[in-house]
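Here is a short briefing on one protein model.

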Amino acid sequence: MIEKLTRKHLKYHSKGATVVFKVLCCAIIALVPFAVELKANTFETSSVVEKRYTLVDDLFNPDDFSEFRNDPENINVLMKFYNEILGNEKFKILNAFAQPIVIDEFKGDKRFYYGSEEFIKSMKKEDRMINAIQLNQNAFDNYNLNLKEGELPIWETISYEKDIIPVLLGADYNGIYEVGNTINADYYNKSFKLEVVGILKKDSNINYKGNPKLALDNYIVIPYPEKLWTVDEDDFIFESILYFAMINCDIATALDEETFIQEMKEIEANIGFNNFFIVNADGSKLTKDLLVN
C-alpha cells in the first residue's frame, strides 16, 4: 500500500529529498479501507440497488512492496488490473484520495495548508503542502457536487500523460484564483499545470473516511483519469505511486456476493495480480480463500 512509501528511501529529482519525503508521508491519510464512502452501504441507481466493496492491496511487507513497485512490468500489471475492473460493465469504480500537493508561488493563506500548525511552521513557505483531493467521475457524481461558476472537467479527456490537468477549486479560493488561471503544481513529485475550470458552491462537502462532511471550501479537486496507461520503463516513479492509489478503490455492483467474487477471480486469473483483498461495506473482510483459486 502507498503508506509503505514513507518507510522507503525514495530519491526523486524535484524540490529536494526532504520535501518529497514529507509529501509522500501525506499518502498515509488516504489509503485505508473505505477510501470512498457512499451515502449508504447500499444505494440505488436507475432503480437497481448496488452494494459497495472496497479493494485493498496486501503488500504490507515494505521489502515486498519496494520490490514490486520498482519493476515497471509490475506497474503495468496494476494498469491492466485496474482497467480490467473498469471495463467490467457490472462494476462501477469510485475513487477518492485526499493527497495534498505543492504549488509554486501559492497565493492563498494558511486556510489552505495541509497539516497541523506545527507541521506547517516546520516547512519553508514554498514547500508547504496544499489541501487537494482526487476524484474520479463516479465519485464526483455520487457526491452531487455543484459549481458556483465555470464548468465541469470533460472527464473522458482527463490524461496525466499531458502536463495540463483541469481542476475545480473550493469556494474559499474565490478572489484568490479565478476560472482560466493556471497553477503550477508538484503532484507526486511530477510537475503539472493545473487549469482552473470551475469553482464549487460554498459549503460543498463529501463523506470521506468516516467524516460525513469533509468541507471542500479550501480544497483543490483534481480529476482522476478514467484509464491507466502503459508506463515508460525508464521513468515510472509517478505511476508507481498513482496506480497503487487508484487500485485501492471502491467497487459498486448489483451482483450478489458470490457472483461478485467469481468475477474478481476471473479478473485475477486473466491479469495475474492477486495481491489484494476485498472488504465489505460493513468492514468485514472477504477471506483470501474466496478470492484465489
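Aspartate 186 faces serine 191, a residue of strand β11. Keep in mind that this model is predicted.

- Strand β10 covers residues 182-187, and strand β11 covers residues 190-200.
- The two strands, β10 and β11, run antiparallel and are joined by six bridges.
- They form a hairpin with two residues between the strands.
- In this hairpin, tyrosine 188 has a positive phi near 50 degrees.
- Strand β10 also pairs with strand β5, residues 101-103.
- That pairing of β5 and β10 is antiparallel too, over two bridges.
- Here valine 102 stands opposite aspartate 186 of β10.

- Glutamate 233 sits in the loop that links β14 (220-223) to α6 (237-247).
- Is glutamate 233 buried or exposed? Its relative accessible area is 58%, so glutamate 233 counts as exposed, because the cut-off for exposed is over 50%.
- Glutamate 233 belongs to a negative surface patch.
- The patch is formed by Glu73, Asp232, Glu233, Asp234 and Asp235.

**Aspartate 256**
- Find aspartate 256 in the loop between β15 (250-253) and α7 (257-271).
- Aspartate 256 has a relative accessible area of 42%, so it is partly exposed.
- Along the chain, aspartate 256 and lysine 51 are 205 residues apart.

Technical notes. Residues are numbered from 1 along each chain as its sequence is written. This is a predicted model: local features need pLDDT of at least 70, side-chain atom pairs count only at pLDDT 80 or more; totals for chains, interfaces and linings use all residues. Side-chain values use heavy atoms; hydrogens and water are left out. Patches are made of residues with over 30% relative accessible area and no salt bridge: like charges are joined within 9 Å, nonpolar side chains (Val, Leu, Ile, Met, Phe, Trp, Tyr) within 5 Å. Accessible areas come from the Shrake-Rupley method with a 1.4 Å probe; for residues, only the protein chains shown count as cover. A salt bridge is a side-chain nitrogen of Lys or Arg within 4 Å of a carboxyl oxygen of Asp or Glu. Lys and Arg count as positive and Asp and Glu as negative; His and the chain ends are not counted. The place of a charge is taken as NZ of Lys, CZ of Arg, CG of Asp or CD of Glu. Helices (H or I, at least four residues) and strands (E, at least two) are DSSP runs, numbered from the N terminus. Buried means under 20% relative accessible area, exposed over 50%, partly exposed in between (1.4 Å probe, protein chains only). Two strands pair if DSSP finds at least two bridges between them.
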